[in-house]
Amino acid sequence: MEKEDIIWYSFSMDFSRPDNARLINRLKTLLAIREKKNMTRAELSRELLINKVSVSEIVDTLIKEGLVKESGKLTIDSGRPATLLDIDVRAGKVIGLVIREKGCLIAASDLKGKILRLERFPRGKTPDELKENLKSSLERLLRNENVRIYGAVVVSDEDAEDIAASLPFECICIRETEAQVLAEQRRCSEELGGMLFLHISDEISAYYEGKELREFSHLRVGTDKACACGATGCIGAYFSGNAFKEEMERIYDKVLSAREILSCEEGRMMIEKNLKMLAISISQAAEVLGAKSAMLIGEYSNLEDEAYAHLNEMTISLLPSWKNDFVVYKSIAGDGGAIEGACHKALDHFFYKKQLLESLKVLELY
């Protein structure tokens, strides 16, 4: 179900019906227990603005279904211990899948987003080979498993609907930038509102406030390099994996992977030379969007600390004085961000229904 469909579904729901109200309160309870951790029934009642009797009924039902468990006792001021609640991760799993040109990943995650098993498998030369390799890998991943699979997310920048349809459970597709951003948001304990994410892989794109900005790669920052779009001076022609690979082959006659480019002296020198162009693009986007900070994610985010220090200096020098606290951060999730984000997206979509709950918050404003 797409975001717009969920919002219109929310509008069409009759919340005066007890069944619908209980469903929403049940989802809110599950999500609160996951997000807040170690909550009591009384804390849930205060947090969700649901009376204590209803909260206890919901929690008792979730415990009977095996979705929630009592995880310990908390002694409060009155001396009467309160029972702590937690998601029972044994109740099911979700599947994350990353499809790339050179190698694929598949993982099973528990209901709190912890990756339990991870496997790499070859893509193959044809779509049929990819499906066969995926099928074999999935069978190994779920061997001797007897739990419910709530759904799967396929991460790919290609059209992966055919792959999604071949899986034996519900599945949706998202782009790699969204998956990487979701992993960073789950990893970071601080508020990431107002952060501009720059996904630097073979292509370069940006992500801001829930939307991928693919046109970012064609932001004009120079005058001397031709872009695949036909224009000259696009940031994608200076600071993307494809641009780096082409320059390494042209100047040094070397065909290298992202990891090799980042680790060799020639590659580091080339990236350092083009950092100014990246700083220009970040400063331009930050002013237009009002971003408070930025983070580099993707294959080419693993730059040395000195490179980040230099990038921050150049970016601040290009921004107005009232933005002198702007910082460009390094990825927290790193190389595993895509598969991690895929599992979190699967949980949010199929189990916690987070997008539906967020759309209901919008309705409450009207």
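Guide: One term before we start: two strands pair if DSSP finds at least two bridges between them. Helices (H or I, at least four residues) and strands (E, at least two) are DSSP runs, numbered from the N terminus. The model is predicted, so local features need pLDDT of at least 70 and side-chain atom pairs count only at pLDDT 80 or more, while totals for chains, interfaces and linings use all residues. Residues are numbered from 1 along each chain as its sequence is written, and side-chain values use heavy atoms, with hydrogens and water left out.

Visitor: OK, how many residues sit between S8 and S9 in their hairpin?
Guide: There are 3 residues between S8 and S9 in that hairpin. S8 covers residues 195-200, and S9 covers 204-208. The two run antiparallel and are joined by 5 bridges; Phe-197, for instance, has Tyr-207 of S9 as its bridge partner.

Visitor: And which way does S8 pair with S11, parallel or antiparallel?
Guide: S8 and S11 (residues 293-297) pair in the parallel sense, over 5 bridges. There, Leu-198 has Leu-296 of S11 as its bridge partner.

Visitor: How many residues of S8 are buried?
Guide: 6 of the 6 residues of S8 are buried, so the strand is largely enclosed by the rest of the structure. Buried means under 20% relative accessible area, exposed means over 50%, and partly exposed is in between (1.4 Å probe, protein chains only). In a regular strand the side chains alternate between the two faces of the sheet. Here Met-195, Phe-197 and His-199 are buried on one side, and Leu-196, Leu-198 and Ile-200 are buried on the other.

Visitor: Switching topic: what's the phi of Glu-209?
Guide: Near 50°, a positive value, and Glu-209 is not a glycine. Most residues other than glycine have a negative phi. Glu-209 is in the loop between S9 and S10 (211-213), and Glu-209 is exposed, with a relative accessible area of 53%.

Visitor: What about Asn-38, where is that?
Guide: Asn-38 is in the loop between H2 (18-36) and H3 (41-48). Its phi is near 50°, again a positive value in a residue other than glycine. Asn-38 is partly exposed, with a relative accessible area of 43%.

Visitor: In what order do the 5 strands of the open sheet come?
Guide: The order is S5-S4-S3-S6-S7, with mixed pairing. S5 (115-121) and S7 (171-174) are the edge strands, each pairing on one side only. S6 (residues 148-155) and S7 pair in the parallel sense over 4 bridges, and Ala-152 has Cys-171 of S7 as its bridge partner.

Visitor: Which helix packs on that sheet?
Guide: That's H12 (residues 337-351), which touches S3, S4, S5, S6 and S7. Contact means heavy atoms within 4.5 Å.

Visitor: Last one: at what angle do H10 and H11 cross?
Guide: The axes of H10 (residues 265-289) and H11 (residues 305-318) cross at roughly 45° and come within 8 Å. Axes are lines fitted to C-alpha atoms, for helices over the stretch in contact, and angles run from 0 to 180 degrees between N-to-C directions.

Visitor: Which residues meet there?
Guide: Among them are Leu-275, Ala-279 and Ile-282 in H10, and Leu-311 and Met-314 in H11.
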